[in-house]
Amino acid sequence: MKWSVRLATISGIGVYVHVTFVLLLAWIAFVNLAGGGTIGGTVLSLGFVLAIFACVLFHEFGHALMARRFGVATRDITLLPIGGLARLERMPDKPRQELWVALAGPAVNLFLAAAFALLLLLTGEAPLSGSLVEGSLMQRLVIANLAIFAFNLIPAFPMDGGRILRALLASGGSYVRATRVAAGVGKGMALLLGIAGLVLVNPVLVFIALFVWIGAAQETGAAQVREAMAGIPVGRVMQTEFETLAPGDTLRHALERSLRGSQQDYPVVDDGEVVGILLQKDLLAAVAGEDTDDTPVSQVMRRDFGTVDPCEMLAPVLSRIQRVRHRSLPVVTRNGILVGVLNMQNVGEFLMREGGMERRRPGSLSTPALRAQLRRLTDRA
Ligand SMILES: [Zn+2]
């Protein structure tokens, strides 16, 4: 995520903190000191906030480690002022697995609350007598973890409760329909929250309502993309009209071709065999140097490119494209014949086409949600 700083790598997962998080701490310190608080009291307040965010981090690791059990890697975990965000490489395929992944986060907070409560009991303190602002640090952490637990179980996206609801609905039928129902519940709750926020003149409630509404729309888009891609082979989506280069072609020649056409990346073919791929960004970086006009393409092309088979299914290939650093993959048949190029642009166009067709069926796709989802996909690639 932009504007994030890496704090540490834990269990192979990068942990980032968003810069706005630092602003939150500064704001808390300011409010404390401006309100006549002591330095000691301010440090204690900051310590409490940091302890809460440590609990949020444990929550995210609950999701990440459960996902790992199902073979799904986590790209990174980011701490934002509004909470944590674990970006999974993909969602697990089976609703039951998604259910476990969604439950694992809140379960961690329930466990932490119980552990702190037990420690309090052992030291003779009442575990549930505190509140978020009163009591010892440990008492406040019990309440905080119970609050995180309860908040996340609200059955609305982007909270875990929305995923849990969807997984429960999807186990009996269609994933997209389950998402639509879960998103509908989320939007209903967002509406109620928003009205409550306006009536009570509470901007925080209105903000949360907006957040829940956007989450529901995004989730619907993601499910639609998933459905549109189901059962579609690469061959139906790939670009079949494309140009190739030879390893001996000069960079000047490659640049001229690139400027003339709309193709960004070129498969490099030697004697009928794909030996590399010349990426537009590599080409531009190379020609920015001196005296590179006559340099052969073979010196700049990437040799560690992957290929896909036209019969492969689009969905798993897409996550592969997102994992490799470049956006294009040559499509090669089992006999080694280059038949196309697959990149995020083709996938995007295909999905927009499919989305447009679906839209004519009442109550199905909403194109803005789909568009937003596509932007997210292409941003990541
Ligand atoms: Zn969660």
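Modeller: Here are a few labels and the reasoning behind them; keep in mind that this is a predicted model.

Colleague: Let's start with the metal: what makes H59 and D160 donors of the zinc ion?

Modeller: The cut-off is 2.8 Å from the metal. The zinc ion is coordinated by NE2 of H59, NE2 of H63 and two OD atoms of D160, at 2.0 to 2.6 Å, so these atoms count as donors. H59 sits in helix α2 and D160 in helix α5, 101 residues apart.

Colleague: Why is the site of the zinc ion called irregular?

Modeller: Four donors count as tetrahedral if all angles lie between 85 and 135 degrees. Here the angles among the four donor atoms run from 54 to 149 degrees.

Colleague: How do you know whether H59 and D160 are buried or exposed?

Modeller: Buried means under 20% relative accessible area. H59 has 3% and D160 has 7%, so both are buried.

Colleague: And what makes you say that strand β7 is largely enclosed?

Modeller: Five of the five residues of β7 are buried, so the rest of the structure largely encloses this strand. S328, P330 and V332 point one way, L329 and V331 the other.

Colleague: How do you know that β7 pairs with β8?

Modeller: Pairing takes at least two bridges. Five bridges join the antiparallel strands β7 and β8, so they qualify. In that pairing, S328 stands opposite N343.

Conventions: Residues are numbered from 1 along each chain as its sequence is written. This is a predicted model: local features need pLDDT of at least 70, side-chain atom pairs count only at pLDDT 80 or more; totals for chains, interfaces and linings use all residues. Side-chain values use heavy atoms; hydrogens and water are left out. Buried means under 20% relative accessible area, exposed over 50%, partly exposed in between (1.4 Å probe, protein chains only). Helices (H or I, at least four residues) and strands (E, at least two) are DSSP runs, numbered from the N terminus. Donors are N, O and S atoms within 2.8 Å of the metal (3.2 Å for Na, K and Ca); water is not among the atoms, so sites may look incomplete. Four donors count as tetrahedral if all angles lie between 85 and 135 degrees; four count as square planar and six as octahedral if opposite donors are over 155 degrees apart and all others between 65 and 115; anything else is irregular.
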